[in-house]
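Reader: I am new to this structure. Could you show it to me and take me through the terms as we go?

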Amino acid sequence: MLDVDLIRRDPELIRAMLRNRNYSEETLDEFLRLDGEWRRLIDESNGLKHKRNVASERIPKLKGEEKKEVIAEMRTVAERIKQIDATVAELEAMRDEVVLNIPNIPDASVPVGCDYDGNSVVSSFGKVRNFDFAPKKHYEIGEDLDIIDFQRGAKITGSGFYILKGDGARLERALIQYMLDVHHDQGYREVFTPAIVNTAAVIGTGQYPKMKDDMYWCERDDLWLNPTAEVPVTNMHQDEIFEREQLPLSYTAYLPSFRREAGRNADSRGIIRVHQFNKVELVKFVHPSGSFQDLEALRSDAEAILQGLELPYRVLLLCTGDMGFASAKTYDLEAHAPGANQWLEVSSCSCFTDFQARRARVKFRPEPHLKSEFVHTLNGSGLALPRTMVAVLENYQNEDGTVTIPKVLRPYMKGQEIIG
RNA sequence: GCCGAGGUGGCCCAGACCGGUAAGGCGCAAGCCUGGAAAGCUUGUGUCCGCAAGGACUCGUGAGUUCAAAUCUCACCCUCGGCGCCA
């Protein structure tokens with residue numbers, strides 16, 4: 001959520017931002033209208049309450065007729081306050097709803113653009129692999145080796161769910177452990193959190209209300225299946241105030257993620273876009289002064305995984321139109337999948353400035369006596385598992401149909417070198 | 001799910017039976033004092049409206065009663081303990 005004070009002071013800045021992001025400007029105008037009316041009424045209500053407070057202090061000291069008169073007068077005042085406050089509450093709820101729909105302001109270093117094509121490649125690593133045979137796609141490899149089972153996944157749940165079997169399941173587990181170990185060594189504290197969260201949590205990180213249709217909701221309990229570990233990990237510090245020396249806080253978490261993917265279509269065959277997937281996440285709470293440098297560090301921590309796996313990848317700086325709602329700056333890491341010859345987004349690393357912190361009320365005290373300020377939050381995937389698996393299977397496939405296990409994963413697979 | 005005890009400002013804790021507008025302590029900071037410090041004393045310490053003066057709000061949440069609610073009424077949430085159920 002943006003600082004409402006900033007919106008009031010500089011609405012044109014917000015208007016320009018909304019244009020750059022391809023958002024409607026209506027939300028802004030609606031905010032200004034509701035907020036103006038709200039401020040007018042809260043002022044009126046405050047005045048009446050003051051009157052009431054003054055009278056309340058006098059009443060116990062009064063006697064007889066005068067007392068009766070004042071009480072009678074206050075009865076009407078109380079009635080009026082009640083009316084105004086009802087309207088105030090209504091306006092406030094509407095205004096807050098509107099503010100929750102205004103996205104974060106992109107950093108000045110973010111290129112202006114409409115969509116994916118506006119993104120720029122800022123660096124790349126490794127060489128796209130050339131084969132002297134026709135490389136298979138991951139789902140062909142998975143089915144041929146009987147390590148990914150789409151049919152039975154659909155049987156027990158539905159389309160978009162799959163089962164990993166044998167060395168496929170072991171490879172997944174090896175990847176998770178490898179990632180967590182690397183991030184542990186980089187200084188991240190591992191946490192394992194609930195995968196089901198309440199509404200306050202999904203508001204806190206910005207998925208609600210904009211993305212609510214993309215999340216699974218448990219109606220009976222009014223709880224959500226988390227769409228990314230970012231939600232529970234960031235929100236575990238909701239309503240907290242850190243001392244300055246506690247920052248930065250760095251967490252890594254392995255957790256399943258759930259997405260309804262309402263717009264899922266036929267060409268998303270395989271495990272590139274699924275409803276449930278594992279992910280190792282990185283989350284940081286930092287001092288606002290250096291949060292964009294912290295983003296560079298976070299990104300390189302995520303890149304370390306791809307480098308360790310020796311997978312060719314490139315780094316994209318997302319443009320204003322392609323960036324997530326809560327983000328001020330985002331890098332995507334795309335691994336190359338030679339089977340389908342496509343770049344796969346395996347990680348998205350973002351700096352949210354104080355946008356999430358304001359929604360979740362996560363603060364720190366800059367100096368012991370000073371007023372608390374909002375922290376800045378960052379997060380990035382320490383890689384999404386299915387797509388990493390795709391990249392591994394397609395890059396490490398051999399002509400005889402087997403798959404070589406990346407060196408760094410072998411210790412997690414009892415030294416095994418080949419799946420086949 | 002049942003029974004009990006709780007939820008008060010950054011933290012701790014009083015007030016509740018009997019309604020009158022949050023006491024006290026800790027921490028931290030500033031000032032005074034001091035050669036310097038400690039101690040001591042004074043002041044400050046959350047949110048919102050306002051350029052400011054000032055004002056409003058804040059006792060888990062929401063509603064109600066009342067001129068007035070931390071305090072009375074109702075509903076709900078959370079924490080801790082015990083019981084039950086259970087992998």
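Author: Two residues are in contact if their C-beta atoms, placed from the backbone, lie within 7 Å. Helices (H or I, at least four residues) and strands (E, at least two) are DSSP runs, numbered from the N terminus. This is a predicted model: local features need pLDDT of at least 70, side-chain atom pairs count only at pLDDT 80 or more, and totals for chains, interfaces and linings use all residues. Residues are numbered from 1 along each chain as its sequence is written, while chains are lettered from A and ligands numbered from 1 in the order in which they are written.

Reader: What covers the buried residues of α4?

Author: The cover includes α1 (4–9) and α3 (26–58). The buried residues of α4 are Ile 81, Leu 91, Arg 95 and Val 99. Buried means that 20 or more other C-beta atoms lie within 10 Å of the residue's own; 12 or fewer means exposed, and in between is partly exposed.

Reader: How do you know that the span of α4 is close to the expected one?

Author: The expected span is 1.5 Å times one less than the number of residues. Helix α4 (64–99) has 36 residues, for which 52 Å is expected. From first C-alpha to last, α4 reaches 51 Å, so the span is close to the expected one.

Reader: How is chain A divided?

Author: Into domain 1 (4–99) and domain 2 (116–419). These bounds come from an automatic or database domain assignment. The C-alpha centres of the two domains lie 43 Å apart.

Reader: What makes a set of residues a nonpolar core?

Author: Its members are buried Ala, Val, Leu, Ile, Met, Phe, Trp, Tyr and Cys residues, joined through C-beta atoms within 7 Å. The largest one here has 81 residues; Leu 175, Ala 335 and Val 390 are among those with the most contacts inside it. Domain 1 and domain 2 each give this core at least three residues. Apart from it lies another core of six residues, including Trp 224 and Val 231.

Reader: Why is β12 called mostly covered?

Author: Nine of its nine residues, 329–337, are buried. Leu 333 and Ala 335 are among those pointing one way, Asp 332 and Glu 334 among those pointing the other.

Reader: How do you know that β12 pairs with β13?

Author: Strands pair if DSSP finds at least two bridges between them. Nine bridges join β12 to β13 (342–351), so the two pair, and they run antiparallel. Ala 337 stands opposite Gln 342 in β13. Four residues separate the strands of this hairpin, and Asn 341 in the turn has a positive phi of about 45°. Strand β11 (313–317) also pairs with β12, antiparallel, over five bridges.
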